[in-house]
Structure formats: structure tokens, C-alpha cells
Amino acid sequence: MSKYEKINLTLCKLKEKLGIKENVKVRLKPFKRKIASVSLRKNTIYLNSEVIQRLTDKELEYIIAHELLHLKYGVFHTKEFENELKKLFDKNLELRILKRILKKK
Ligand SMILES: [Zn+2]
């Protein structure tokens, strides 16, 4: 399965899990400093094209879930946002992702 197929499959699964019904697009972008971002206006998630090549499936899932939760709860990391993310993933996952990415740069 290509990375792009993997991304779309993960997106579908997570949308179902999080109860997101709108159409959400994913675009790859050569960010310099960000791993990912989201446009609430365009319902689009942007992933760092270079970084995602180095992520495990679980890490990729975490990044997409994080951005999807912004579509659900808005731009801020509210209590509801954090709680839902915590329910889905191990709390140390984000830290591990950041460490790995920084190490390899
Ligand atoms: Zn965020």
C-alpha cells in the first residue's frame, strides 16, 4: 500500500471513529517547520510531505486524528479536544513523534 493510500484509509477510519461526516481532503505540503496543519474553511488537512515518510502507521494516525479533532472542536486545544485525543492514543505518542523527527533532522 502506498503512503497516500495509507493516509486515505486512515482518514476514513478516523472520521468514522470521531463521528465526522463532512468531506475532508488531505494534501501533502513541503512545510519547513510544521508537521501538519488544517484549514477549517477548506476542510483540508495538510501534511508535511517529507516528515510523513518517516512516521510509523500509528504516528501517522495520531497526526491525522489531531488535525481532524481541530475540524471537530475548532482551532484551540480545548479540554474536549485533549480528552478525545487521550482516549484514542497513548499520551506519550506525541512526544515520541517529536523526538524522532528532531533527531533525524
Ligand atoms: Zn493542534
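Me: How many helices and strands does the protein have?
Reply: This is a predicted model. Read along the sequence, the pattern is α-β-β-β-α-α-α. The count is 4 helices and 3 strands.

Me: How many bridges join E1 to strand E3?
Reply: Strand E3 covers residues 44-48, and E1 and E3 run parallel. One of the paired positions is valine 26, whose bridge partner in E3 is isoleucine 45. The number of bridges joining E1 to E3 is 5.

Me: How far does helix H2 reach from its first C-alpha to its last?
Reply: H2 runs over residues 57-73, which gives 17 residues. At 1.5 Å a residue, 24 Å is expected, and the helix comes close to that. Glycine 74 follows H2, with a positive phi near 100°. The reach of H2 is 24 Å.

Me: Is histidine 66 buried or exposed?
Reply: Histidine 66 is found in helix H2. Other buried residues of H2 include Tyr62, Ile63, Ile64 and Leu69. Burial takes 20 or more other C-beta atoms within 10 Å. Histidine 66 has 20 within that distance, so the residue is buried.

Me: How far apart in space are histidine 66 and glutamate 82?
Reply: In sequence, histidine 66 and glutamate 82 are 16 residues apart. In space, taken C-alpha to C-alpha, the distance is 9.2 Å.

Me: What radius of gyration does the protein have?
Reply: The C-alpha atoms fill a box of roughly 35 × 25 × 25 Å along the principal axes. With 105 residues, a compact globule would have a radius of gyration near 13 Å. The protein agrees with that, at 13 Å.

Me: What share of the contacts between residues at least 6 apart in sequence join residues at least 24 apart?
Reply: A contact here needs C-beta atoms within 7 Å. Among contacts between residues at least 6 apart, the share joining residues at least 24 apart is 48%.

Me: What percentage of the 105 residues is buried?
Reply: Glu59, Leu60 and Glu61 are among the buried residues of H2. Over the protein, the buried share is 21%.

Notes:
Residues are numbered from 1 along each chain as its sequence is written. This is a predicted model: local features need pLDDT of at least 70, side-chain atom pairs count only at pLDDT 80 or more; totals for chains, interfaces and linings use all residues. Helices (H or I, at least four residues) and strands (E, at least two) are DSSP runs, numbered from the N terminus. The expected span of a helix is 1.5 Å times one less than its number of residues. A residue is buried if 20 or more other C-beta atoms lie within 10 Å of its own, exposed if 12 or fewer, and partly exposed in between; C-beta atoms are placed from the backbone. Two strands pair if DSSP finds at least two bridges between them. The radius of gyration is taken over C-alpha atoms; the globule rule is 2.2 Å times the number of residues to the power 0.38. Two residues are in contact if their C-beta atoms, placed from the backbone, lie within 7 Å.
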